Amino acid sequence: MKYVLGIDIGTTAIKAAVFDENGQERGSHTCEYTLLTPSPVKVELEARTYVNAFKVAVSNAISKSKVGKQEIISLGISAQGETLFFLDEKSEPLRPAIVWMDNRATEEAAWLEEQLGREHVHRTTGQVGMSATWPASKILWVKKHEPQVFDSTARFLLIEDYFIYLLTGQFVSEDSLLCSTMYWDINTRQYWPEMLDLLGVNKNQLPEVCHPGTAIGKVASCAANEFGLSSDTLVCLGALDQACGAIGVGNVRAGIFSESTGAALASVAMASEPVIDPSGQMPCFASGIPGMYMVHAYSTGGMAIRWFRDAFCASEMDVERNCGLNAYGLIDCVVESVAPGSDGLRVLPHLQGSGPPDTECLAKGAFLNVTLAHSKAHFARGIMEGVAMVLLRMIEATRALGVEVNEIRSLSGGAKSRAWCQIKANASALPVRTMRTTDVAASLGAAILAGVAAGVWTSVEETATRFAEYDLEYTPEPEHQDLYEGMLKEYKLLMRELNPSFKRSA
């Protein structure tokens with residue numbers, strides 16, 4: 001039996017999982033961390049925090065699998081996009097990593113878009129315009145506000161690039177992750193010289209560009225000792241977490257729409273060529289399958305339920321600590337006790353800006369129509385319904401591009417919530433399916449890429465389709481369709497009318 005390790009570096013946790021050659025998980029472990037938020041628009045994390053979590057996740061996954069580390073043929077990494085590291089000449093971090101959802105660089109984003117033009121940016125990168133979350137904007141912010149860091153930076157790396165370096169000593173990146181840097185060209189699939197000139201960044205400061213699934217080399221001996229790996233294990237490029245998650249649930253052909261509700265809410269629909277949205281709303285990315293593309297939307301909406309848990313569910317978290325009952329499961333139970341529509345409560349779940357198709361980096365959360373009759377349970381359901389409205393906008397905008405959407409495959413933590421999955425099915429009027437691979441979808445996608453690179457499997461598409469098995473299916477309940485259609489209209493109205501307030505309160 002051959003084994004492959006898939007590691008998912010998420011926004012608030014790292015998950016590692018060992019898979020056998022039949023795609024069965026043999027052991028996994030998740031290590032969480034808390035992001036640093038020194039201001040409402042700043043989100044950072046120390047590199048050492050990521051490294052320590054990586055070590056804990058990997059060592060525990062291997063231990064739980066009861067597989068010897070020398071039996072692991074290859075490993076691949078699924079990674080959050082846009083999180084940026086600044087390394088000095090000795091390849092040491094100069095400052096904390098700036099996390100993808102950080103919104104400090106709004107002025108820099110606006111300046112870059114003014115210099116290049118929104119349409120030119122869209123047609124070159126596939127992204128719908130400049131945003132504070134993009135690494136190009138972050139680099140310019142550091143150049144202006146932390147010039148000593150910028151001047152001392154020898155390498156600008158994304159989070160997957162950083163771990164590839166730690167594991168192999170090589171500076172290599174892949175194009176699914178580079179898509180949203182805004183210094184990568186979706187047409188040439190190489191760096192965009194015009195943007196690099198504006199930033200004052202030299203191509204030599206960036207990693208080599210390769211396809212997802214490229215074999216980089218074996219684990220360096222020093223890294224093998226630090227991370228508890230074998231120096232015979234082959235390290236392979238993975239892909240953007242959403243691209244890996246799509247592969248992990250078998251979203252490798254037209255008509256399937258995968259959505260991930262974790263810290264972020266994200267959606268993926270596959271395409272065989274770049275899809276440039278004439279309305280300028282929806283972005284296009286390189287997928288985790290070389291030569292393929294994906295219409296991919298994202299928002300911070302999925303983090304809202306974690307915020308709710310941490311801020312208002314101390315009793316549920318005590319029960320989890322003392323009795324082992326999951327706090328999210330307890331929240332799910334009370335959500336099911338509230339009727340669809342949350343008795344009129346409406347929620348905009350954008351606690352850290354909103355993404356495509358309603359991109360507004362300054363968007364905030366909002367709770368509307370609150371009365372004395374509303375309880376904590378109403379707020380929990382209202383958040384879930386608010387995130388479902390964001391999902392509906394993603395589906396609506398994807399279909400507007402002529403891309404088929406016939407079913408929803410759900411992954412990440414939100415897929416464990418029966419209440420949330422049923423809300424999504426009712427709101428979208430589409431079947432929502434969770435997969436047996438849901439809990440480890442991103443890790444499995446990264447493992448499939450690494451396994452194909454190492455010769456364990458022959459094809460990403462065939463392997464992903466073969467491993468994808470339905471777990472549960474949530475069927476739409478037609479009696480709620482009018483309610484959610486009306487709720488979507490309200491959501492669009494609120495996003496439009498509250499936009500000036502978002503900007504005033506920034």
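The protein exposes about 18700 Å² of accessible area, of which carbon and sulfur atoms supply 49%. Such areas come from the Shrake-Rupley method with a 1.4 Å probe, and for residues only the protein chains shown count as cover. This is a predicted model, in which local features need pLDDT of at least 70 and side-chain atom pairs count only at pLDDT 80 or more, while totals for chains, interfaces and linings use all residues. Residues are numbered from 1 along each chain as its sequence is written, and side-chain values use heavy atoms, with hydrogens and water left out.

**Overall form**

The protein has 18 helices and 24 strands; helices (H or I, at least four residues) and strands (E, at least two) are DSSP runs, numbered from the N terminus. The radius of gyration is 22 Å, close to the 23 Å that the globule rule gives for 506 residues, so the protein is as compact as a globular protein of that length. This radius is taken over C-alpha atoms, and the globule rule is 2.2 Å times the number of residues to the power 0.38. Along its principal axes the C-alpha trace spans about 60 × 55 × 45 Å.

Of the 506 residues, 62% count as buried. Buried means under 20% relative accessible area, exposed means over 50%, and partly exposed lies in between (1.4 Å probe, protein chains only). Among contacts (heavy atoms within 4.5 Å) between residues at least 6 apart in sequence, 72% join residues at least 24 apart.

In α11, the residues Ala304, Ile305, Arg306, Phe308 and Arg309 are buried. The cover over the buried residues of α11 includes β3 (25-32), α12 (314-323), α13 (327-336), β20 (346-349), α14 and α15 (418-428).

Phe312 also belongs to helix α11 (residues 304-312), and at 45% relative accessibility Phe312 counts as partly exposed. Together with Trp307 and Leu351, Phe312 forms a nonpolar patch on the surface, with about 270 Å² of accessible area in total. Patches are made of residues with over 30% relative accessible area and no salt bridge; like charges are joined within 9 Å, and nonpolar side chains (Val, Leu, Ile, Met, Phe, Trp, Tyr) within 5 Å.

**Salt bridges**

A salt bridge is a side-chain nitrogen of Lys or Arg within 4 Å of a carboxyl oxygen of Asp or Glu. By this rule the count comes to 26 salt bridges. Three of the pairs are set out below.

| Salt bridge | N to O distance | Relative accessible area |
|---|---|---|
| Asp20 and Arg26 | 3.4 Å | Asp20 5%; Arg26 36% |
| Lys492 and Glu396 | 3.1 Å | Lys492 33%; Glu396 32% |
| Arg433 and Glu473 | 3.1 Å | Arg433 15%; Glu473 44% |

In the pair of Asp20 and Arg26, Asp20 is buried, whereas Arg26 is partly exposed.

Lys492 forms a salt bridge with Glu396. Lys492 lies in helix α18 (residues 481-504) and Glu396 in helix α14 (residues 376-399), so the pair ties together parts that are 96 residues apart in sequence. Lys492 is partly exposed, and Glu396 is partly exposed.

The side chains of Arg433 and Glu473 also meet in a salt bridge. Arg433 lies in strand β23 (residues 432-435) and Glu473 in strand β24 (residues 470-474), so this pair ties together parts that are 40 residues apart in sequence. Arg433 is buried, while Glu473 is partly exposed. Elsewhere, salt bridges that share partners join Glu44, Arg95, Asp102, Arg104 and Glu146 into one network.
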